[in-house]
Amino acid sequence: MTQIDNYQLLNRELAADDPWGLDANPFERGRHTQMLRLSLAQGSISNALEVGCAAGAFTVQLAPHCQRLTVIDVVPQAIEKARRRMNEPPHISWIVSDVQQFSPDERFDLIVVAEVLYYVGGIAEMRAAVRNLVRMLAPGGHLVFGSARDANCRRWGHVAGAETVIGMLNETLSEVERLECRGESVNEDCLIARFRNPVSAS
Ligand SMILES: C[S@@+](CC[C@H](N)C(=O)[O-])C[C@H]1O[C@@H](n2cnc3c(N)ncnc32)[C@H](O)[C@@H]1O
């Protein structure tokens, strides 16, 4: 799938009332419950980053647990929808940005990135995104990653999915736990993993 195909697909999906059924589908709700559990496992969250918010279905769950939260998405429509839904709480910053290019001065003690990285294009772009995510993670910070598995992503026309990205993350970060979410349909099969940045604060 080309990048133009990906953006058209994202824009089309994000125009729906409930993009990807993230609010209504019990599988997606269960997936978010697990993502939240892993996000809270490290204790209090002072400064978090959520990558790829769609219409904010997970943002509404994560935001009350964060002192500060930065939310990015490459599609302006996603940021507009999520922002409207959240009613502008002052501790959230909203930024339209590609995960590969986002370059804040600060570091985050929690980064959540789920069902996003298979949209970036090829393996080189996935690697660039992973490198950038690792760079933004504070020493000792945690990253929660989720994705459909390689096989489903390839069936959908993407280059790779969960297993490939987990392998890349394991080159730099330490995997703390991994779980599997399955629904009734063949498309509902993903992995969620929590990683820790082993670099300690100096
Ligand atoms: C399937 S939704 C996932 C929503 C949410 N993270 C979840 O797990 O339910 C994918 C979101 O990632 C965004 N996205 C795709 N490519 C991106 C990129 N390169 N940088 C930032 N966001 C991206 C899309 O616009 C879309 O809102």
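Modeller: Let's start with ring pairs: rings of Phe, Tyr and Trp (its six-membered ring) pair if their centres lie within 6.5 Å, and planes under 30 degrees apart count as stacked, over 60 as edge-to-face and the rest as tilted. This is a predicted model, where local features need pLDDT of at least 70, side-chain atom pairs count only at pLDDT 80 or more, and totals for chains, interfaces and linings use all residues. Residues are numbered from 1 along each chain as its sequence is written, and side-chain values use heavy atoms, with hydrogens and water left out.

Biologist: How many aromatic pairs does the structure hold?

Modeller: Three. In one of them, Tyr 118 and Tyr 119 sit 4.8 Å centre to centre with 45° between the planes, a tilted pair.

Biologist: Which kind of pair do Tyr 118 and Trp 156 make?

Modeller: Edge-to-face, because their planes are at 65°, with the centres 6.1 Å apart. Tyr 118 is in the loop between strand 4 (108-114) and helix 5 (123-136), and Trp 156 in the loop between helix 6 (150-155) and helix 7 (162-169), so the pair ties together parts 38 residues apart in sequence. Helices (H or I, at least four residues) and strands (E, at least two) are DSSP runs, numbered from the N terminus.

Biologist: Which residues do the ring pairs link into a cluster?

Modeller: Trp 20, Tyr 118, Tyr 119 and Trp 156.
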